[in-house]
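Please go through the predicted structure below with the briefing that follows it. The points are grouped by topic.

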Amino acid sequence: MQNEVVSREEWLEARRALLAKEKEATRLRDSVNAARLALPWVKVDKDYVFETPEGRRSLADLFDGRSQLLIYHFMLGPDWDAGCTGCSFLSDHVDGALPHLNHHDVTWVAVSRAPLDKIAAFKQRMGWQFPWVSSFGSDFNFDYHVSFSPEDLAKDKVFYNFTAMQPADANDELPGLSAFYRNDRGEIFHTYSSYARGPEELIGTLMILDRAPKGRNEDSTMNFVRRHDEYDEAPKAPSCCH
């Protein structure tokens, strides 16, 4: 399928109309970002403990000396054989950002309920460097509404993405991103969380595809995505000789 082919002058007119919408979207994004920064905070009074390669660590320890912490709730359950494909897709974009985030007083950590040895094996397979810890045995994932017990899934509703949803539309693990701030007194505050497609802007590949002629070229959200070591050979460009 091919779009309508027009003259350069007609294309320029259409492109200027789209530019007006792009500028409107940019202004809206700036407004949303400002509203996000203005959100009230919630003090974290509960003590959470995580298993890390350096031993057991608290939530405060995960800040690694910085004042801001971003936690990616990576879908890898205790009995899963591999990490979620979508979470893996997002995580492929993280390592290159780490020096910039750290320099800007932000620490990035992935958290999963899988035991640490399972996390370490999958992390090695994917070749990632970002910190990734286990919340196995902790309430952390349940308190931040990204993990659900069999009892939760047997109820009429489960709470995800700030709303009640049908358990049939849920899973034992779901994705999300949470932000925390630690002040000079050592107090920790939960400042923001985002779920479902909320963290999508972190996936640079999608932003690039949105500007390609075929866009994301998907039948459903990210149905084309595979873990980066599972793709077949890249498709060849069509040849005029065949």
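Ala-179 of strand E9 (residues 176–182) stands opposite Tyr-192 in strand E10. E9 and E10 (residues 188–195) run antiparallel and are joined by seven bridges; two strands count as paired if DSSP finds at least two bridges between them. Helices (H or I, at least four residues) and strands (E, at least two) are DSSP runs, numbered from the N terminus.

This is a predicted model, in which local features need pLDDT of at least 70 and side-chain atom pairs count only at pLDDT 80 or more, while totals for chains, interfaces and linings use all residues. Residues are numbered from 1 along each chain as its sequence is written, and side-chain values use heavy atoms, with hydrogens and water left out.

**Overall**

- The protein has eight helices and 10 strands.
- Its C-alpha atoms fill a box of roughly 65 × 45 × 45 Å along the principal axes.
- Of the 242 residues in the protein, 35% are buried (buried means under 20% relative accessible area, exposed over 50%, and partly exposed in between, with a 1.4 Å probe and protein chains only).

**Strand pairing**

- Five of the seven residues of E9 are buried, so the strand is largely enclosed by the rest of the structure.
- E9 also pairs with strand E4 (residues 68–73), in the antiparallel sense and over six bridges.
- Within that pairing, Ile-71 has Ser-178 of E9 as its bridge partner.
- The hairpin of E9 and E10 has five residues between the strands, and Gly-186 takes a positive phi near 85 degrees there.
- Strands E2 (residues 49–52) and E3 (residues 55–58) run antiparallel and are joined by four bridges.

**Aromatic residues**

- A pair of aromatic rings is described by the distance of the centres and the angle of the planes.
- There are 22 aromatic pairs, where rings of Phe, Tyr and Trp (its six-membered ring) pair if their centres lie within 6.5 Å, and planes under 30 degrees apart count as stacked, over 60 as edge-to-face and the rest as tilted.
- The rings of Trp-41 and Tyr-181 are a tilted pair because their planes stand at 40 degrees, with the centres 5.1 Å apart.
- This pair links distant parts of the chain, 140 residues apart: Trp-41 is in the loop between helix H1 (8–37) and strand E1 (42–43), and Tyr-181 is in E9.
- Trp-41 is partly exposed at a relative accessible area of 44%, and Tyr-181 is partly exposed at 28%.
- Phe-122 and Trp-128 form an edge-to-face pair, with 5.8 Å from centre to centre and 75 degrees between the planes.
- Phe-122 is buried, with a relative accessible area of 5%, and Trp-128 is buried at 6%.
- Both belong to a cluster linked by ring pairs, which consists of Tyr-72, Phe-74, Trp-108, Phe-122, Trp-128, Phe-130 and Trp-132.
- The charged end of Arg-8 sits over the ring of Trp-11, 5.1 Å from its centre (this requires NZ of Lys or CZ of Arg within 6 Å of the ring centre and within 35 degrees of the ring normal).
- Phe-140 is found in helix H6 (residues 140–143) and is buried, with a relative accessible area of 0%.
- The C-alpha atoms of Phe-140 and Tyr-48 are separated by 6.6 Å, although the two residues are 92 residues apart along the chain.

**Cysteines**

- The count of disulfides is zero, a disulfide being a pair of cysteine sulfur atoms within 2.5 Å.
- Cys-84 is in no disulfide, and its nearest cysteine sulfur, that of Cys-87, is 3.7 Å away.
- Cys-84 is buried, with a relative accessible area of 15%.
- Cys-87 is likewise in no disulfide, and Cys-87 is buried at 1% relative accessibility.

**Largest pocket**

- Rolling a probe the size of a water molecule over the atoms shows where empty space is left.
- The largest pocket has a volume of about 1700 Å³.
- On a 1 Å grid over the protein atoms alone, a pocket is an open set of points where a 1.4 Å probe fits, with protein on both sides within 12 Å along at least five of seven lines; lining residues have an atom within 4 Å of a point.
- Grid points are joined across faces, edges and corners, and a volume is the space filled by probe spheres set on the points.
- The largest pocket is lined by 46 residues, of which Arg-29, Asn-33, Arg-36, Glu-201 and Leu-202 are the closest to its centre.
- H1 supplies the largest share of this lining, 14 residues.
- H1, E4, strand E5 (106–112), E9 and E10 each supply at least two residues of the lining.
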